[in-house]
Amino acid sequence: MFLPIRTDSRLRSTPYMNWAIIAANVIVFALQHGLRLESTWVLNGHNLRWWNFVTYAFLHADVWHIGGNMLFLFIFGNNVNDKMGSWAYLAYYLAGAVFAGLGFTLVSGGAVLGASGAVAAVTGAYLVLFPRANITIAYIWLFFGTFEVPSLYVIGFFFAQDLLFGVAGLGQRGAGGVAYMAHVAGTFYGVVACTILLWTHMLPRDQWDVVALIDRWNRRRQYRDVTTSGFNPFSYVNEARKTNQPPPLPTAREQGITELRMSIANAIGSHEMERAVKLYLELKELDPSQVLSRQAQLDIANQLAGQQLYLQAAEAYEQFLKAYPKFEQIEQVELMLGLIYARYLAQYPRAHQCLVRALAKLQGQREIDMARGELTRIEMLMAGVK
């Protein structure tokens with residue numbers, strides 16, 4: 001037997017809403033037989049009632065049914081909840097139940113109950129948000145053990161299975177009463193809806209989501225197409241060789257800048273952050289306009305703040321915002337910059353500007369409370385209230 005048990009994606013905040021949904025399912029399961037909820041809560045294609053497109057997702061046939069659904073919701077839902085925020089996640093989950101119910105009703109008909117369609121929507125979202133995450137699978141085959149598999153393979157396997165059985169005509173309470181077409185509809189909704197949310201920046205982006213991976217693949221494809229069409233990005237070197245004229249040598253200043261940038265990268269790679277900061281400050285003295293690669297610039301700015309070099313940290317964060325305005329977690333940088341300006345540099349107008357922009361995008365409740373509290377304080381200071 002093979003069973004997924006956990007994912008390697010890390011949480012930034014506690015997924016309260018996912019735990020609340022799991023608790024609601026368990027409570028309804030405990031009450032449904034005594035209260036005979038099946039008679040009014042089940043989604044029946046021959047007797048459609050609009051509220052049943054939600055209520056059916058809280059009913060379950062037996063302990064194994066709810067146990068399997070809640071296990072998958074626990075494994076995949078926590079991270080999706082963390083990424084979306086509590087109320088957005090609740091709306092997304094309920095919409096997943098509705099779309100899964102619609103898909104089942106349109107294709108298969110009959111009656112259906114269970115959270116598996118809504119859970120499938122959550123796994124579809126997980127696939128889009130964390131395509132390179134690994135899932136730990138437990139197995140019992142003469143002995144117990146675990147191994148890791150990319151989430152793409154795990155979710156893809158279950159989707160292919162559901163699609164195969166659904167198309168084969170087992171979607172309507174077939175093969176042990178499994179509503180396969182509800183799973184297919186839920187997964188399809190999850191992938192499409194979550195991709196749209198990322199593309200429209202309604203969800204915070206990062207470099208590992210599906211949209212970012214597609215963007216990088218497209219850039220590589222464009223570069224390959226250009227180079228195969230005859231363009232040579234190093235043609236100026238080839239032309240210099242044809243005329244026996246070597247390319248111009250870098251000046252002493254340019255060579256110094258190059259060496260410092262390489263030294264900074266090596267120091268960061270070796271986790272020698274204090275040395276990296278020292279080299280970075282030397283680089284800024286040589287050329288104040290220099291900006292490092294995205295992660296290196298952010299690491300240096302964070303280290304400067306950690307060493308209480310707040311003026312230099314603010315300058316590093318400002319250059320980061322200017323150089324990388326489409327950074328997926330730009331609100332975290334704006335929050336940090338706003339706190340530095342407000343608490344240590346007394347530049348309240350700029351702090352106010354950064355905090356307002358950060359507050360519009362922040363997801364974690366702790367960061368939201370921090371930004372609001374600091375905004376209240378500096379607004380009082382700017383108004384002359386002691």
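This is a short tour of a predicted model, one selection at a time.

**Stop 1: Met 17**

Select Met 17. You are in helix H1, which covers residues 16-35. Is Met 17 buried or exposed? Its relative accessible area is 11%. Buried means under 20%, so Met 17 counts as buried.

Now show what surrounds Met 17. Leave out residues up to four places away in sequence, and Met 17 touches Asn 81, Ser 86, Trp 87, Tyr 89 and Leu 90. Met 17 and Asp 82 are 65 residues apart in sequence. In space, their C-alpha atoms are 9.2 Å apart.

**Stop 2: the largest nonpolar core**

Next, select Leu 73, Phe 76, Val 80, Met 84, Tyr 89, Tyr 93 and Tyr 126. These residues have the most contacts inside the largest nonpolar core, a group of 48 residues. Which elements each supply at least two residues of this core? They are H1, H4 (63-84), H5 (86-107), H6 (116-129), strand E4 (134-141), H7 (151-170) and H8 (180-199). Colour H6 on its own. The largest share of the core, nine residues, comes from H6.

Zoom in on Leu 73. Ignore its neighbours within four places in sequence. Leu 73 is then in contact with Asn 18, Ile 21, Ile 22, Asn 78, Tyr 89, Tyr 93, Val 119 and Val 122.

Another core lies apart from the largest one.

**Stop 3: helix H16**

Move on to residues 348-359. This is helix H16, with 12 residues. How far apart are its end C-alpha atoms? They are 16 Å apart.

Highlight the buried residues of H16: Arg 350, Ala 351, Cys 354, Leu 355 and Ala 358. Turn the view to look down the helix axis. The buried residues of H16 fall within an arc of 130°, so they line one face of the helix. What do they pack against? Show helix H14 (310-323), helix H15 (330-343) and helix H17 (365-382); the buried residues of H16 pack against these.

**Stop 4**

Cys 354 is buried, with a relative accessible area of 0%. Then select Cys 194. Cys 194 is also buried, and its relative accessible area is 0%. How many disulfides are there? The count comes to zero.

Notes. Residues numbered from 1 in each chain as written. Predicted model: local features only at pLDDT ≥ 70, side-chain atom pairs only at ≥ 80, totals over all residues. Heavy atoms only, no water. Helix = DSSP H or I, 4+ residues; strand = E, 2+ residues; numbered from the N terminus. Expected span 1.5 Å × (residues − 1). Buried < 20%, exposed > 50% of the residue type's maximum accessible area, 1.4 Å probe, protein only. Arc of directions from axis to C-beta. Contact = heavy atoms within 4.5 Å. Disulfide = S-S within 2.5 Å. Core = buried A, V, L, I, M, F, W, Y, C linked by side-chain atoms within 4.5 Å.
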